[in-house]
Amino acid sequence: MPHGTLEVVLVSAKGLEDADFLNSMDPYVQFTCRTQDQKSNVASGQGTTPEWNETFIFNVSEGTTELKAKIFDKDVGTEDDPVGEATIPLEPVFLEGEIPPSAYNVVKDGEFKGEIWIALSFKPSENRSRGFEEESYGGWKNSEASY
């Protein structure tokens, strides 16, 4: 399984379902990669076609297979409205190293609610099973004992 750093660039969204009836929607994205959560800035007043151009960094470890992007409409005084979510498989970026900005379907209750544009890149960390220097196994080389 890959270990390393996943860079996520949240570019924009298009065709989102408007969750605000009176005002223009104020969308933001909550990313979840296994146990790590990060939140984008709120795209105030940008409605159903927000642009963020924000970068997020996640540490990837054993068992990481997908990134979830949940879109919410920021509300004042009430709970934020869920707009939908996209599930982004990470295997392609683990294999390719980089995925240019691509559209992922935003879904809510099994229905298409627009698309989110995200670019991905992955930098593997040094493989921990290799690269040990001889001295790291113990002090046997430095032993001065004579028998």
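**View 1. Lys-113 touches Gly-15, Leu-16, Glu-17, Val-83, Val-106, Val-107 and Lys-108, leaving aside residues up to four places away in sequence.** Touching here is contact, meaning heavy atoms within 4.5 Å. You are looking at a predicted model, in which local features need pLDDT of at least 70 and side-chain atom pairs count only at pLDDT 80 or more, while totals for chains, interfaces and linings use all residues. Residues are numbered from 1 along each chain as its sequence is written, and side-chain values use heavy atoms, with hydrogens and water left out. Lys-113 sits in strand E8; helices (H or I, at least four residues) and strands (E, at least two) are DSSP runs, numbered from the N terminus. Is Lys-113 buried or exposed? Lys-113 counts as buried because its relative accessible area is 11%, where buried means under 20%, exposed over 50%, and partly exposed in between (1.4 Å probe, protein chains only).

**View 2. Glu-17 and Lys-113 meet through their side chains in a salt bridge, at 3.1 Å from N to O.** This pair ties together parts that are 96 residues apart in sequence, because Glu-17 lies in the loop between E1 and strand E2 (27–33) and Lys-113 in strand E8. A salt bridge is a side-chain nitrogen of Lys or Arg within 4 Å of a carboxyl oxygen of Asp or Glu. The two side chains are also joined by a polar contact of 3.1 Å; such a contact is a pair of N or O atoms within 3.5 Å, and within protein one must be able to donate a hydrogen and the other to accept it, with residues adjacent in sequence counting only if both atoms are side-chain atoms. Glu-17 is partly exposed, at 39% relative accessibility, whereas Lys-113 is buried.

**View 3. Lys-68 and Glu-85 form a salt bridge, their closest N and O atoms being 3.5 Å apart.** The pair links distant parts of the chain, with Lys-68 in strand E5 (residues 66–73) and Glu-85 in strand E6 (residues 81–89), 17 residues apart. Lys-68 is partly exposed, with a relative accessible area of 25%. Glu-85 is partly exposed too, with a value of 28%.

**View 4. Lys-74 and Asp-80 make a salt bridge, with 3.9 Å between their closest N and O atoms.** Have a look at how much cover each partner has. Lys-74 is partly exposed, with a relative accessible area of 37%. Asp-80 counts as buried, at 17% relative accessibility. Over the whole structure, the search finds five salt bridges.

**View 5. Strand E1 (residues 4–14) pairs with strand E4 (residues 51–60) in the antiparallel sense over eight bridges.** Two strands pair if DSSP finds at least two bridges between them. Which residue of E8 is the bridge partner of Ser-12? The partner is Trp-117. In a regular strand, side chains alternate between the two faces of the sheet.

**View 6. Pro-92 lies in helix H1, which covers residues 91–96.** Pro-92 counts as partly exposed, at 39% relative accessibility. Not counting residues up to four places away in sequence, Pro-92 touches Gly-97 and Ile-99. The C-alpha atoms of Pro-92 and Leu-120 are separated by 9.5 Å, and the two residues are 28 residues apart along the chain.

**View 7. The chain has one helix and eight strands.** Read along the sequence, they follow the pattern β-β-β-β-β-β-α-β-β. Of the 147 residues, 35% count as buried. Among contacts with a separation of 6 or more, 59% join residues 24 or more positions apart. The chain exposes about 9200 Å², of which carbon and sulfur atoms supply 48%; accessible areas come from the Shrake-Rupley method with a 1.4 Å probe, and for residues only the protein chains shown count as cover.

**View 8. Over residues 129–138, pLDDT stays under 50.** pLDDT is the predictor's confidence in each residue, from 0 to 100. For this stretch the model has four contacts beyond four places in sequence. Where pLDDT is low, the predicted coordinates should not be read in detail. For the chain, the mean pLDDT is 88, and 85% of the residues reach 70 or more.
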